[in-house]
Amino acid sequence: MNATAGADDRTVLSGHDVEAELLADWRVMFDQLHARFATGDFATGLRLVAAIGEAAEEADHHPDVELTYAAVVVRLWSHDVGGTTMRDVRLAREISDAAARVGATPEPERLSVLELALDTDDLEAVRPFWAALLGYEGDDETPDELRDPTGHGPTLWFQESDPRSPDDVEQRFHLDLRVPPEVAERRVRAAVEAGGTLVDEGRAPSFWVLADAQGNRACITTWLGRGA
């Protein structure tokens, strides 16, 4: 019996719950399931999108789908409960089956989600400005985040900090890159080999802090180690 036995369609699943479902093509990225399928040409991608549409209509559950010349990217989550549920797991399996039928190849190792992080000691002083400038929206459940309502731009989240960083580095913005857990350490090594520095790995595998040759920082993050 797996970890999600007995879960109803409104139960938000943790990352470990989703892992127990053995969805080989899919990865947990924040509160969503993501998959990327290499199609090799536009016609194959169109066939896959059509099959996804049929499955979504049948399930009355609709993913976000991006079609490019050589790939289809799919994002699944249950908007009404704000996370991944068994509805998403079932539809993910159907989409994987459809991809196999049209000859599309899963590429979970190429998945990533970029967030922008802004260090601030006064969230309310700056949040309205960035919402207005970017045309982003927030909600009461996640007051430290602003999201692009079109789904195209990266989430902006506000990281509580002192007026100046402990190292006296005047960097307010940094990038957080969410990747699948099996990709994270490889990506960290590549960044170090490219001239970067591993600043802090004390919270790995939740995140690693890296810096470029001039001290500008970024984080590689995963869902692991976050109580999910």
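Which residue in β11 is the bridge partner of Leu-198? In this predicted model, that partner is Leu-210. The pair belongs to the contact between β10 and strand β11 (residues 207–211), which is antiparallel and has three bridges. Both strands sit in an open, mixed sheet of seven strands, ordered β7-β8-β6-β9-β12-β11-β10. The edges are taken by β7 (145–146) and β10 (197–200); each has a single partner strand, so one side of each lacks a neighbour in the sheet.

Helix α5 (residues 181–193) lies across β9, β10, β11 and β12 (217–221), at about 10 degrees to β11.

Strand β2 (residues 32–38) has other partners. Strand β1 (residues 27–29) runs antiparallel to β2, with three bridges, and Arg-27 has His-34 as its bridge partner. These two strands form a hairpin with two residues between them, and Phe-30 in the turn has a positive phi of about 55 degrees. Strand β4 (residues 71–76) is also antiparallel to β2, through six bridges; here Arg-36 is partnered with Val-73. Two bridges link β2 to strand β5 (residues 105–106), again antiparallel, with Ala-38 opposite Thr-105.

In a regular strand, side chains alternate between the two faces of the sheet. From β2, Gln-32, His-34, Arg-36 and Ala-38 point one way and Leu-33, Ala-35 and Phe-37 the other, and all are buried.

Phe-42, in helix α2 (residues 42–59), counts as partly exposed because its relative accessibility is 38%. With Leu-46 and Tyr-69, Phe-42 makes a nonpolar surface patch of about 320 Å².

Methods
Residues are numbered from 1 along each chain as its sequence is written. This is a predicted model: local features need pLDDT of at least 70, side-chain atom pairs count only at pLDDT 80 or more; totals for chains, interfaces and linings use all residues. Side-chain values use heavy atoms; hydrogens and water are left out. Patches are made of residues with over 30% relative accessible area and no salt bridge: like charges are joined within 9 Å, nonpolar side chains (Val, Leu, Ile, Met, Phe, Trp, Tyr) within 5 Å. Accessible areas come from the Shrake-Rupley method with a 1.4 Å probe; for residues, only the protein chains shown count as cover. A salt bridge is a side-chain nitrogen of Lys or Arg within 4 Å of a carboxyl oxygen of Asp or Glu. Helices (H or I, at least four residues) and strands (E, at least two) are DSSP runs, numbered from the N terminus. Buried means under 20% relative accessible area, exposed over 50%, partly exposed in between (1.4 Å probe, protein chains only). Two strands pair if DSSP finds at least two bridges between them. Contact means heavy atoms within 4.5 Å. Axes are lines fitted to C-alpha atoms, for helices over the stretch in contact, and angles run from 0 to 180 degrees between N-to-C directions.
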